[in-house]
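Let's take a walk through a protein together. Have a look at the model below, then read on.

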Amino acid sequence: MDRRSFNKIVASGALNGTLVGTLAGSATPAAAKPRYNGPNVVLIRFGGGVRRRETIDPDHTYAPFLRHVLAKRGVLIPNVTIAQLDGVDTSHAEGTLNILTGRYLAYRDTGSKFFEDRLEPTQPTLFEYLRSEFDIPFHQALLVNGEDRPQEEFFTYGVHRHYGIKHRSELLSLHRFKLFKFASILKEGKASETELVEAQKQYDKLIAVDKREFAPRQSAKLEEFWANWREHYGDSGFKNPRGDRLLTALALRAISELQPRLLMINYQDPDYVHWGNASHYTRAIAIIDEGISQLVKATDADPFYRGRTVFVITPDCGRDNNPLLNIDFQHHFNTRSAHETWALVAGPGIERAKILDKPIDQSAITKTVAAVMGFHAREAEGLAISEIFT
Ligand SMILES: [Zn+2]
């Protein structure tokens, strides 16, 4: 279905849960797959690129909850590195896809404007592996994305022939909310003529960012989620938290309303340091740390998550570490420290208060999540980090 015919459906009021559910959920017979009984996983991209010094160095951290509280409940792996390979860029989309696929360079540029990296995975993602093996609905494999990174809407599935769209995750982002909101305004038809014209304009703009056929549609559960969100925050778009705090708010709400089995949160705000102000960077780290603290508290308090949730926290990439450079904190120059990340894994089945002092490759994260959840990440190259398990 192209955008025009989709808009016709929206305008005719035929867009409802049934249609969305049919389109989104009918690809695989659910009964053919076993129910999932393993632990829930909250996978946190400590993103926007961070250095070890400001995150896991106990004397210099801006993430005290992560380093001093959560680390005691799990295994800290201080020495994760992004491999030095030809063509590997130490950046956000790339690092995130390394984590999601367990492969380097497993993406293709889907062709967009210069500097707007829009990479699409060419290997299966964790979401696809999980949903292809277990009977888990879309909304329980969830990706929470930042508001100004529409390119990350492309991370929900790869184009690998055995996996792909029918095993994709659902997405929570302001982009998705706005799609829902403007589609609803158009469907309701209660707004003034001017507002309706504006809503159509905004809707078309959102659609132009992501032209994939499935893109405007969300499963019935997600429609319900957004309806609740809209009721809570109204249509203004101004009341909801912004930046990485918004991601925390979306994730917390998802935990209570959607009960995701695999929830990935793509934090990103430390990246504002590209524009030169180091305090934006350290502040953003502290905000992510607060978010992690809230998420741990929420999962500790919720019977669906308590005692059966594993947190996997790891950055997408490092950052430059050279005080002699004019512009510090960059990550596109292939410096050693831009390749240096870390990981923290905590939860049932994982050792406690342990530091695993061993070099680990970033691609190992994928197989490690697979081992925690008990599925096969067949195309991933790394090995699960076996030393973390009890
Ligand atoms: Zn960046």
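## The core

Which residues have the most contacts inside the largest nonpolar core? They are L130, L262 and V312, and this core has 98 residues. A nonpolar core here is a set of buried Ala, Val, Leu, Ile, Met, Phe, Trp, Tyr and Cys residues joined through C-beta atoms within 7 Å. Buried means that 20 or more other C-beta atoms lie within 10 Å of a residue's own; with 12 or fewer the residue is exposed, in between it is partly exposed, and C-beta atoms are placed from the backbone. Helix α11 (residues 278–301) gives the most to this core, eight residues.

Keep in mind that this is a predicted model, where local features need pLDDT of at least 70 and side-chain atom pairs count only at pLDDT 80 or more, while totals for chains, interfaces and linings use all residues. Residues are numbered from 1 along each chain as its sequence is written.

## The whole protein

You'll find twelve helices and eleven strands here. Both are DSSP runs numbered from the N terminus: helices are H or I with at least four residues, strands are E with at least two. Of the 390 residues, 46% count as buried.

## Around α12

Back to V312: leaving out residues up to four places away in sequence, V312 touches V41, L43, A343, V345, I365 and V369. Touching, or contact, means that the C-beta atoms, placed from the backbone, lie within 7 Å. I365 and V369 are among the buried residues of α12. Why is α12 largely enclosed by the rest of the structure? Because nine of its ten residues are buried.

After α12 comes G374, with a positive phi near 80°. R378 also lies in the segment after α12 (364–373). R378 counts as partly exposed because it has 14 C-beta neighbours inside 10 Å. The C-alpha atoms of R378 and K367 are 8.9 Å apart, with the two residues eleven places from each other along the chain.

## Two helices crossing

Now find α7 (residues 174–188) and α8 (residues 193–209): their axes come within 9 Å and cross at roughly 145°. Axes are lines fitted to C-alpha atoms, for helices over the stretch in contact, and angles run from 0 to 180 degrees between N-to-C directions.

On the α7 side, the residues that meet α8 include L179, F182 and L186; on the α8 side, L196, Y203 and L206 are among them. The residues of this contact divide into nine nonpolar, three polar and one charged. Here Ala, Val, Leu, Ile, Met, Phe, Trp, Tyr, Cys and Pro count as nonpolar, Asp, Glu, Lys and Arg as charged, and the others, Gly among them, as polar.

Methods. Contact = placed C-beta atoms within 7 Å.
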